[in-house]
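Open the model in your viewer and keep the selection tool ready. The tour goes from one selection to the next and says what is there.

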Amino acid sequence: MMTIENQVIDFFKRKISKKIDKNSYITDYCKNEDDAYYLFLEFFSEFNIEQGNLNLDKYFYKKKPFYLFYFKKNEEEINKKKSISIKHLIEVAISKRWFDT
């Protein structure tokens, strides 16, 4: 039987990258808010987690229209976002509710 820790790691390995481990940061692999939204919907559903007050804006960037790539500074250079670790997501899965890092 797999522990919750192993189940969470396996989930993100399947969804994002085989390189994910307990010390990885989800925000290194998933940068924009749209992708994160669907990923977190699946994560919350698979582990029966109460979404609570998750604010994706704190952690992920909005997708920019294509034409803005040439005219504006990269938002990542201007606004650094907080990171979400796999360790934190394991704790979230164990507690069955979202809480900020």
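Select lysine 58, which counts as partly exposed because its relative accessibility is 32%; the term covers values between buried (under 20% relative accessible area) and exposed (over 50%), with a 1.4 Å probe and protein chains only. This is a predicted model, in which local features need pLDDT of at least 70 and side-chain atom pairs count only at pLDDT 80 or more, while totals for chains, interfaces and linings use all residues. Residues are numbered from 1 along each chain as its sequence is written, and side-chain values use heavy atoms, leaving out hydrogens and water.

A salt bridge here is a side-chain nitrogen of Lys or Arg within 4 Å of a carboxyl oxygen of Asp or Glu. The two partners are 42 residues apart: lysine 58 is in the loop between α3 and α4, and aspartate 100 is in the segment after α6 (86-95). Helices are DSSP runs (H or I, at least four residues), numbered from the N terminus. Aspartate 100 is also partly exposed, at 28% relative accessibility.

Next, select leucine 54, in the loop between α3 and α4 (68-71). Is leucine 54 buried or exposed? At 12% relative accessibility, leucine 54 counts as buried. Leaving aside residues up to four places away in sequence, leucine 54 touches Phe40, Phe44, Tyr59 and Trp98, where contact means heavy atoms within 4.5 Å.

Select Phe11, Phe12, Phe40, Phe43, Phe44, Phe47, Tyr59, Phe60 and Trp98, which form one aromatic cluster. Rings of Phe, Tyr and Trp (its six-membered ring) pair if their centres lie within 6.5 Å; planes under 30 degrees apart count as stacked, over 60 as edge-to-face and the rest as tilted. How many aromatic pairs does the structure hold? There are 13. Phenylalanine 40 and phenylalanine 43 make an edge-to-face pair, 6.3 Å centre to centre with 85° between the planes. They are about one helical turn apart because they sit 3 residues apart in helix α3 (residues 33-46). Phenylalanine 43 also pairs with phenylalanine 47, tilted, at 5.3 Å and 50°; both of these residues are buried.

Finally, select glutamate 42 and lysine 15, a salt bridge with its closest N and O atoms 2.5 Å apart. Glutamate 42 lies in helix α3 and lysine 15 in helix α1, so the pair ties together parts 27 residues apart in sequence.

Terms used
Helix = DSSP H or I, 4+ residues; strand = E, 2+ residues; numbered from the N terminus.
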